[in-house]
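Please examine the sequence and the structure shown below. The briefing that follows describes them topic by topic.

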Amino acid sequence: MANECVIDLIVAKKEKSFIVFEDEHFIAFLDSRPLFPGHTLLAPKMHIKTLYEVPDSVVPPLFLLTQRLGVAVEKAMGAAGSFIAMNNTISQSIPHLHIHIVPRNKHDGLKGFFWPRTHYKDEVQMYEVQEKIRLQVEKQAF
């Protein structure tokens with residue numbers, strides 16, 4: 001089990017996660033070590049390691065969903081904007097393509113690429129953030 005991909009385990013419901021969106025092809029859940037509350041990871045359910053391996057047919061729905069989830073995260077967290085990024089092999093802690101959607105505000109303390117990761121206070125806080133984002137996702141036109 002140590003070599004299994006944590007995202008594959010989340011998709012299979014073998015690993016606990018706080019899912020904010022899920023359909024047949026994609027899953028989005030709270031990062032367990034967020035830059036800020038609401039930091040969400042979006043991934044295709046199909047095991048794809050890097051952006052370069054994404055089938056052409058998956059690119060449009062992946063990025064349309066990134067847009068919609070970005071709006072939902074910003075609204076849910078009362079953020080002025082967001083940081084949306086993905087690592088590609090280097091600095092990719094999970095060998096499964098995933099997009100970081102991070103709520104941002106001016107003077108939030110993030111500078112450059114040296115960011116302190118934090119933890120949620122407890123599961124209650126994670127549930128609260130999960131529900132805020134899920135409610136905003138439901139309001140988006142998918």
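**Briefing on the predicted model**

E4 is placed in the segment before helix 1, where helices (H or I, at least four residues) and strands (E, at least two) are DSSP runs numbered from the N terminus. The model is a predicted one, in which local features need pLDDT of at least 70, side-chain atom pairs count only at pLDDT 80 or more, and totals for chains, interfaces and linings use all residues. Residues are numbered from 1 along each chain as its sequence is written, and side-chain values use heavy atoms, with hydrogens and water left out.

**Residue E4**

- E4 has a relative accessible area of 41% and is therefore partly exposed; buried means under 20%, exposed over 50%, and partly exposed in between, with a 1.4 Å probe and protein chains only.
- Between E4 and A28 there are 24 residues of separation in sequence and 19 Å in space, C-alpha to C-alpha.

**Overall architecture**

- Three helices and five strands make up the secondary structure of the protein.
- Along the sequence, these elements follow the pattern α-β-β-β-α-β-β-α.
- The radius of gyration is 14 Å, close to the 14 Å that the globule rule gives for 142 residues, so the protein is as compact as a globular protein of that length. This radius is taken over C-alpha atoms, and the rule is 2.2 Å times the number of residues to the power 0.38.
- Taken along the principal axes, the box filled by the C-alpha atoms is roughly 35 × 35 × 30 Å.
- Where residues at least 6 apart in sequence are in contact (heavy atoms within 4.5 Å), 64% of these contacts join residues at least 24 apart.

**Surface and charge**

- Of the 142 residues, 40% count as buried.
- The protein has an accessible surface of about 8300 Å², and carbon and sulfur atoms account for 55% of that surface. The areas come from the Shrake-Rupley method with a 1.4 Å probe.
- There are 16 positive and 16 negative side chains, and the centres of the two sets lie 6 Å apart. Lys and Arg count as positive and Asp and Glu as negative, while His and the chain ends are not counted.

**The aromatic pair**

- The structure holds one aromatic pair; rings of Phe, Tyr and Trp (its six-membered ring) pair if their centres lie within 6.5 Å, and planes under 30 degrees apart count as stacked, over 60 as edge-to-face and the rest as tilted.
- The ring centres of F18 and Y127 are 4.9 Å apart and the planes are at 70°, so the pair is edge-to-face.
- F18 lies in the loop between helix 1 (6-11) and strand 1 (19-22), and Y127 lies in helix 3 (residues 123-139), so the pair ties together parts that are 109 residues apart in sequence.
- F18 counts as buried because its relative accessibility is 6%, whereas Y127, at 42%, counts as partly exposed.

**E123 and its contacts**

- E123 is also found in helix 3, and its relative accessibility of 39% makes it partly exposed.
- Leaving aside neighbours within four places in sequence, E123 is in contact with K16 and F18.
- E123 and F18 are 105 residues apart in sequence, and their C-alpha atoms are 9.3 Å apart in space.

**Positive phi values**

- K13 is not a glycine, although its phi is positive, at about 65°. K13 lies in the loop between helix 1 and strand 1 and is partly exposed at 48% relative accessibility.
- H107, a residue other than glycine, has a positive phi near 60°. H107 lies in the loop between strand 5 (99-104) and helix 3, and its relative accessible area of 83% makes it exposed.

Technical notes: The place of a charge is taken as NZ of Lys, CZ of Arg, CG of Asp or CD of Glu.
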